[in-house]
Amino acid sequence: MNECNIQKIIRVTKALNDFWLNCGGWAPESAYELIQEARLDRQLSFAKTLPEYVAIFDEDVEEAKIIMGYATLRGMSESAIKLFLSAFIEDYLKNPLIDKKSNKVIKPKKIGFDSLISLYVKHGDSSFEKYLRRIQFRGNAIHHFNDREIGKQCELVEDIKMFKSFLLAVNSQLPYPDGHFNPENA
C-alpha cells in the first residue's frame with residue numbers, strides 16, 4: 001500500500017476534526033452540540049495507527065493484528081457515519097430511530113453500527129454497504145468467543161484503501177458554509 005494513502009487519511013481526518021469542532025455560528029446549534037460531544041481527536045489518533053497494519057505482520061501476532069486493524073476501521077467508519085448524521089441532525093430528526101422501550105429519539109452517538117450502516121446506505125452512499133458490512137463482521141472478531149472469518153493482511157490493506165474512499169465520500173456529502181473549505185484537499 002502506498003504510504004501516501006494513509007497520510008491522506010490522516011490529513012483528511014485532521015482537517016475534518018479541525019473544521020467540525022469549530023462549526024459553531026453557521027451549523028445548526030443541534031449539530032454543533034452533538035459534534036462538540038464527539039471525540040474527533042480520537043479519530044485522528046486511530047488514523048495515525050494505520051501504518052502499523054500495512055507493515056508485514058509477524059506470524060505469531062498476525063491474527064491479532066488483522067482483528068485490531070478491522071476493529072480500527074470499524075470504529076473509524078462508525079465515527080465518520082456519526083459525523084455525517086450529526087451534520088445533518090435536523091434531517092435525521094424528521095425520521096429518527098426511536099428507542100422501543102423509552103419511546104425516545106436515539107441520538108446519533110447512541111446508534112449501533114448495524115443501524116448506522118443502514119442509515120448511511122439509505123441517506124448517504126449505498127455503494128459502500130459491502131465494505132461496511134465486511135468491516136463490521138471482521139471487526140466483531142474482537143469478541144473471541146465467536147469464530148469469524150477475519151481475512152488476510154492483504155485484504156485488510158485493501159480495506160484501508162477502501163476506507164480512504166469511504167472517508168472522502170462522507171466528506172463530499174457534508175455541508176460547508178463557504179464552498180471553499182474541503183478536507184479532501186488536505
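The areas come from the Shrake-Rupley method with a 1.4 Å probe, and for residues only the protein chains shown count as cover. I noted that this is a predicted model, in which local features need pLDDT of at least 70 and side-chain atom pairs count only at pLDDT 80 or more, while totals for chains, interfaces and linings use all residues. Residues are numbered from 1 along each chain as its sequence is written, and side-chain values use heavy atoms, with hydrogens and water left out.

Entry on salt bridges.
I took a salt bridge to be a side-chain nitrogen of Lys or Arg within 4 Å of a carboxyl oxygen of Asp or Glu, and the structure holds 10 of them. For helices I used DSSP runs (H or I, at least four residues), numbered from the N terminus.

I looked up Lys94 and Asp91, whose side chains meet in a salt bridge at 3.5 Å, N to O. Lys94 counts as exposed because its relative accessibility is 67%, whereas Asp91, with a relative accessible area of 45%, is partly exposed. Salt bridges that share partners also join Asp114, Glu129 and Arg133 into one network.

In helix 1, residues 3–20, I found Asp18 and Lys14 four residues apart, about one turn of the helix. Their closest N and O atoms are 2.7 Å apart in the salt bridge that they form. Asp18 is partly exposed at 38% relative accessibility, and Lys14 is partly exposed too, with a relative accessible area of 41%.

Entry on surface patches.
I built patches from residues with over 30% relative accessible area and no salt bridge, joining like charges within 9 Å and nonpolar side chains (Val, Leu, Ile, Met, Phe, Trp, Tyr) within 5 Å. Lys and Arg count as positive and Asp and Glu as negative, with His and the chain ends not counted; the place of a charge is NZ of Lys, CZ of Arg, CG of Asp or CD of Glu.

Which residues gather in a patch of negative charge on the surface? I listed Asp58, Glu59, Asp60, Glu62 and Glu63. Asp60 sits in the loop between helix 3 (40–47) and helix 4 (62–87), and it is exposed, with a relative accessible area of 69%.

The nonpolar patch that I looked up is formed by Leu93, Ile98 and Val105, which together have about 220 Å² of accessible area. Ile98 belongs to the loop between helix 5 (89–92) and helix 6 (113–123) and is partly exposed at 37%. Asn103 lies in the loop between helix 5 and helix 6, where I noted a positive phi of about 60° although Asn103 is not a glycine; at 63% relative accessibility, Asn103 counts as exposed.

I counted a contact when heavy atoms lie within 4.5 Å. In helix 7, residues 129–139, the buried residues are Tyr131, Leu132, Ile135, Gln136, Arg138 and Gly139, and their cover includes helix 4, helix 6 and helix 8 (153–173).

Thr13, in helix 1, is buried with a relative accessible area of 3%. Leaving aside neighbours within four places in sequence, I found Thr13 in contact with Gln43, Leu44, Ala47, Met76 and Leu167.

Pro175, in the segment after helix 8, counts as partly exposed at 27% relative accessibility. With neighbours within four places in sequence again set aside, Pro175 is in contact with Trp20, Trp26, Ala87 and Phe88.

Definitions and conventions
Helix = DSSP H or I, 4+ residues; strand = E, 2+ residues; numbered from the N terminus. Buried < 20%, exposed > 50% of the residue type's maximum accessible area, 1.4 Å probe, protein only.
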